[in-house]
Amino acid sequence: MADDRNTLQIQSPLKDAQQSVAKAEHAAVQAQSHPNQTTLMQAENSLDHATQAISQADHVMNQQAFTSISKQLDDAQDKLAQAQDTQQSNY
């Protein structure tokens, strides 16, 4: 049973990071679809949270998981940047 608890403790930061990145991706897509100050700020906050979650999970992730989740975060950041560019060109 102790091994099960250790496994859950190790997987939890990774799971948190994966969920945070998924939420950040969703927020970035929302910002792309509806580029306004509110959605952009929500996406920025989600990306910040995801970055922190990845940082906290770094010590429990293998290289493949780290590379995959980092790429997802980079993609979300690119989407947010596109949304920011769209909003700026509308003003």
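These legends describe several close-up views of one predicted model. Residues are numbered from 1 along each chain as its sequence is written, and side-chain values use heavy atoms, without hydrogens or water. Because the model is predicted, local features need pLDDT of at least 70 and side-chain atom pairs count only at pLDDT 80 or more, while totals for chains, interfaces and linings use all residues.

View 1. Helices (H or I, at least four residues) and strands (E, at least two) are DSSP runs, numbered from the N terminus. Of the 91 residues, 26% are buried. Buried means under 20% relative accessible area, exposed over 50%, and partly exposed in between (1.4 Å probe, protein chains only).

**View 2. Ser 20 sits in helix α1, residues 2–33.** Ser 20 is buried, with a relative accessible area of 8%. Leaving out residues up to four places away in sequence, Ser 20 touches Ser 46, His 49, Ala 50 and Ala 53. Contact means heavy atoms within 4.5 Å.

**View 3. Helix α2 covers residues 37–57.** Its 21 residues should span 30 Å at 1.5 Å a residue, and the end C-alpha atoms are 30 Å apart, which agrees. The expected span is 1.5 Å times one less than the number of residues. At the start of α2, a side-chain oxygen of Asn 36 comes within 3.0 Å of the backbone nitrogen of Thr 38.

**View 4. Helix α2 has a buried side and an exposed face.** Thr 39, Leu 40, Ala 43, Leu 47, Ala 50, Ala 53, Ile 54 and Ala 57 are buried. They cover an arc of only 145° around the axis, so they lie on the same side of α2. The arc is taken from the directions from the helix axis to the C-beta atoms. Turned away from that side are the exposed residues Gln 37, Thr 38, Gln 52, Ser 55 and Gln 56.

**View 5. The largest nonpolar core holds 19 residues.** Such a core is a set of buried Ala, Val, Leu, Ile, Met, Phe, Trp, Tyr and Cys residues joined through side-chain atoms within 4.5 Å. Ala 17, Ala 31, Leu 47, Ile 54, Ile 69 and Leu 80 touch the most other members. Helices α1, α2 and α3 (63–89) each supply at least two residues of this core. The most come from α2, with seven.

**View 6. Ile 69 and its contacts.** Apart from neighbours within four places in sequence, Ile 69 is in contact with Ala 17, Gln 18, Val 21, Ile 54 and Met 61.

Note on methods:
A polar contact is a pair of N or O atoms within 3.5 Å; within protein, one must be able to donate a hydrogen and the other to accept it, and residues adjacent in sequence count only if both atoms are side-chain atoms.
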